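Subject: Two-chain model, handover and notes

Hello,

Here is the structure I said I would pass on. My notes come after it.

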Amino acid sequence: MKLNLHGVNGEQSIEIAGDAPVYRFRLGGAPERTANVETPEPNVYSVLLDGRMYDARVEETAAGGLVIVIDGYRFEMEVRDPRRWSRKDAARGADGLETVAAPMPGKIVRVLVAPGDEVEAGQGLLVVEAMKMQNEMKASRAGRILSVTVKAGATVAAGEVLATIG
Amino acid sequence: MFRKVLIANRGEIAVRIIRTLREMGIASVAVYSDADRLSRHVRMADEAEHIGPSPSAESYLVIEKVVEAARKHGADAIHPGYGFLSENAEFAAACEDAGLVFIGPSAESIRRMGSKTAARQTAIAAGAPVVPGTSHGVDLEEARSFGAENGYPILLKAVAGGGGKGMRRVDREADLASSLRDAASEAARAFRNPDIYVERLIENGRHIEIQVLGDRHGNMVYLGERECSLQRRHQKVMEECPSPLIARHPEMRQAMGEAAMRAARAAGYYNAGTVEFLVDRDRRFYFLEMNTRLQVEHPITELATGLDLVRLQVEIADGAHLPFTQEQIALRGWAMECRIYAEDPYNHFLPYPGRLTRLTRPLGPGVRIDGCVYEGWVVPMEYDPLLAKLAVWAENRENATARMIRALREYDVGGIHTNIGFFRQILEDEEFRRGNLHTGFIDQFLERSDAPRAPGDFPAVAALIAALHTMRHNGNGAAKSAPAASAWKETGRNEMLR
């Protein structure tokens, strides 16, 4: 079967055939290769490829992506079936809005801007505290603050939208 | 000897102390906040007492609650660990008033050394060199005039500080107001004291500290040094004993050791303490502060000296004499420590709380872990994100470095981001290998290097596993076009794919 992988290196297709533990696969336009893959523990894959051993661990993220960890190296990926419609694809598109999301769970210490403010790239927007560390969230580009959805003192979850810049 | 000791702390240091108490045949009492009922230190202790809500200001920092817990459990003594109330003179006094032995220095010594500004005065009186700075907390005007007189960059530091909290580097006057405000607010939260003082910043200095240990009968020794120059956000992340600099210039050890003891003696110090120095490029050293408690990085001194500092602390608190003289102390081999944090080193070291889905710890020769985590545990967002301290010992620095890399390769923590991979990158770095360390090392390292690039076939294997995992966990192929048995399942599957 054929799947599309979206990761740091962009979009890439992969074709896989075979049955456990032997799989043949082809990455993009590369020649076909064969790997021996066993699953010694849940979400842990032991891979033998061209005589080399790899221990790959898989984590599923809250956003539906996958993180593959091999010998300490992290690969974050989304897997998409090209024959399937994905809402994410439809949602992806330049609407000109920039959302500022909490990078981690924490508490809003200070809100430095209000809707209607013009901000410059790099200007501080909010101060978030987690684990006793205060971090200033800065505007990634210049624009106008369209909304601020939190108040000082609020507890926020990772990924929660705090403000939008138009 | 004490029969029961309460640990007024949490996390890895509480676990560390319980271990020694257990070896000494002393019962342990843990305290915990709402967030910590399932933390390792609580599960491991012989007895435990709930002391309030998750914010430390309502639990671990409340003197009355901790003392009351000790009384209720019939403890003879209290070990404060590091952080929280460990450098709070009122707490030490409250313990003594309640008939509990405080395992640390006297309240009076803490008063003289606990606040950074008071410590500077004590050090100056004892003849130890200090970095130019203000002798007290300042307001914006005073900070401004200090900057104008001494020039930028300057360093804002919390009077009650420690662990880099409430510390800010200021490069120009325009940033002073906002930095001072942020530092004061952080200091107020961490230490309940917003006072900030100012020092001249010594660029690219080395942070080297001396471990001292004194008994209640006037005897004192220094147990070598620790190099703590590798820092991020002004907080140490990696330490070595001995210091690569002092290994090249061994005469510095005695000079710094004696200066440290002079400062400690001036404060009437006993029990374990650490005197921190900044060393400039001409190898001149300046007194920075004294930590009147056990240090986070104490394991490397233990590995290089073969001593158990917690045991010595307990024995000294019980009235014992120091069991050795200065001449009997020798550093052997090389010890190194990495502080494993739940954070993302490639995203400004932002903390990364969450659930640990997997945990495999390194084992084998020369490896020590002081940790508090286990598989399934949720790293709370209320406290410092230190998961564990990984320490190694080997015959020399080169072998210790190789051993640390080996141990880090075995360390697997799933579900959250950690700085494990980042340490491996640093340990491979040529400048690190040459021992050219300074407090700006990590910032410069990040500037001159990229996030680690995976070697050879790693990306191909990752792609194969991502695809295979998706096939196996989405009804053996997301491509299957048979109608879904249930709309709920279909929706769930779509959610998974998003």
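This is a predicted model: local features need pLDDT of at least 70, side-chain atom pairs count only at pLDDT 80 or more; totals for chains, interfaces and linings use all residues.

Chain A

Chain A has 166 residues, and 28% of them count as buried. Its secondary structure consists of one helix and 16 strands. Among contacts in chain A with a separation of 6 or more, 40% are between residues 24 or more positions apart.

Where the chains meet

The contact uses 49 residues of chain A and 48 residues of chain B. On the chain B side, the elements that give two or more residues are α8 (176-191), β16 (350-351), β22 (412-414), α14 (420-428), α17 (458-473) and α18 (487-497). The largest share of that side comes from α17(B), with 14 residues. By class, the side of chain B that touches chain A has 27 nonpolar, nine polar and twelve charged residues.

Nonpolar cores

The largest nonpolar core has 162 residues. Those that touch the most other members are B:Leu6, B:Ile78, B:Ile196, B:Ala260, B:Ala263, B:Phe277 and B:Ala335. Apart from residues up to four places away in sequence, B:Phe277 touches B:Ile208, B:Glu209, B:Met256, B:Phe285, B:Tyr286, B:Phe287 and B:Leu288. There is also a second, separate core of 29 residues, which includes A:Ile14 and A:Phe75 along with B:Ile465 and B:Ala466. As background, nonpolar side chains in soluble globular proteins tend to be buried together.

The parallel sheet in chain B

Five strands of chain B form an open sheet in the order β3-β2-β1-β4-β5, with parallel pairing. Strands β3 (47-50) and β5 (101-102) of chain B are at the edges with a single partner strand each, so one side of each has no neighbour in the sheet. Within this sheet, β1 (residues 4-7) and β2 (residues 27-32) of chain B run parallel and are joined by four bridges. B:Leu6 is opposite B:Val29 in β2(B). B:Leu6 is also one of the residues listed above for touching the most other members of the largest nonpolar core.

Helices α4 (residues 89-97) and α5 of chain B pack at an angle of about 180°, with their axes 8 Å apart. The two are therefore roughly antiparallel to each other. From α4(B), the residues in contact are B:Ala89, B:Ala92, B:Ala93 and B:Glu96, and they meet B:Ala107, B:Ile110, B:Arg111 and B:Gly114 in α5(B). This contact has five nonpolar, one polar and two charged residues.

Helix α5 (residues 107-114) of chain B also packs with helix α6 (residues 116-125) of chain B, at an angle of about 95° and with the axes 5 Å apart. Angles of 65 to 115 degrees count as roughly perpendicular, so α5(B) is roughly perpendicular to α6(B). The residues that make the contact are B:Arg111, B:Arg112 and B:Met113 of α5(B) and B:Ala118, B:Ala119 and B:Thr122 of α6(B). Three of the residues in this contact are nonpolar, one is polar and two are charged. B:Arg111 is named in the contact with α4(B) and again in the contact with α6(B).

Around β11 of chain B

Is β11 (residues 235-241) of chain B largely enclosed or largely open? Six of its seven residues are buried, so β11(B) is largely enclosed by the rest of the structure. Strand β10 (residues 220-232) of chain B runs antiparallel to β11(B) and is joined to it by four bridges. In that pairing B:Gln231 is opposite B:Lys236. The two strands form a hairpin with two residues between them, and B:Arg233 in the turn has a positive phi of about 50°. β11(B) also pairs with β14 (residues 334-341) of chain B, in the antiparallel sense and over four bridges. Here B:Cys241 is opposite B:Ala335 in β14(B).

B:His207

B:His207 is in strand β9 (residues 206-214) of chain B. It has 22 C-beta neighbours inside 10 Å, so B:His207 counts as buried. Leaving aside neighbours within four places in sequence, B:His207 is in contact with B:Cys228, B:Ser229, B:Gln231, B:Glu276, B:Leu278 and B:Thr439. The C-alpha atoms of B:His207 and B:His438 are 7.1 Å apart, although 231 residues separate the two along the chain.

Regards

Key
Residues are numbered from 1 along each chain as its sequence is written. Chains are lettered from A and ligands numbered from 1 in the order in which they are written. Two residues are in contact if their C-beta atoms, placed from the backbone, lie within 7 Å. Ala, Val, Leu, Ile, Met, Phe, Trp, Tyr, Cys and Pro count as nonpolar, Asp, Glu, Lys and Arg as charged, and the others, Gly among them, as polar. Axes are lines fitted to C-alpha atoms, for helices over the stretch in contact, and angles run from 0 to 180 degrees between N-to-C directions. Angles under 35 degrees count as roughly parallel, over 145 as roughly antiparallel, 65 to 115 as roughly perpendicular and the rest as oblique. A nonpolar core is a set of buried Ala, Val, Leu, Ile, Met, Phe, Trp, Tyr and Cys residues joined through C-beta atoms within 7 Å. A residue is buried if 20 or more other C-beta atoms lie within 10 Å of its own, exposed if 12 or fewer, and partly exposed in between; C-beta atoms are placed from the backbone. Two strands pair if DSSP finds at least two bridges between them.
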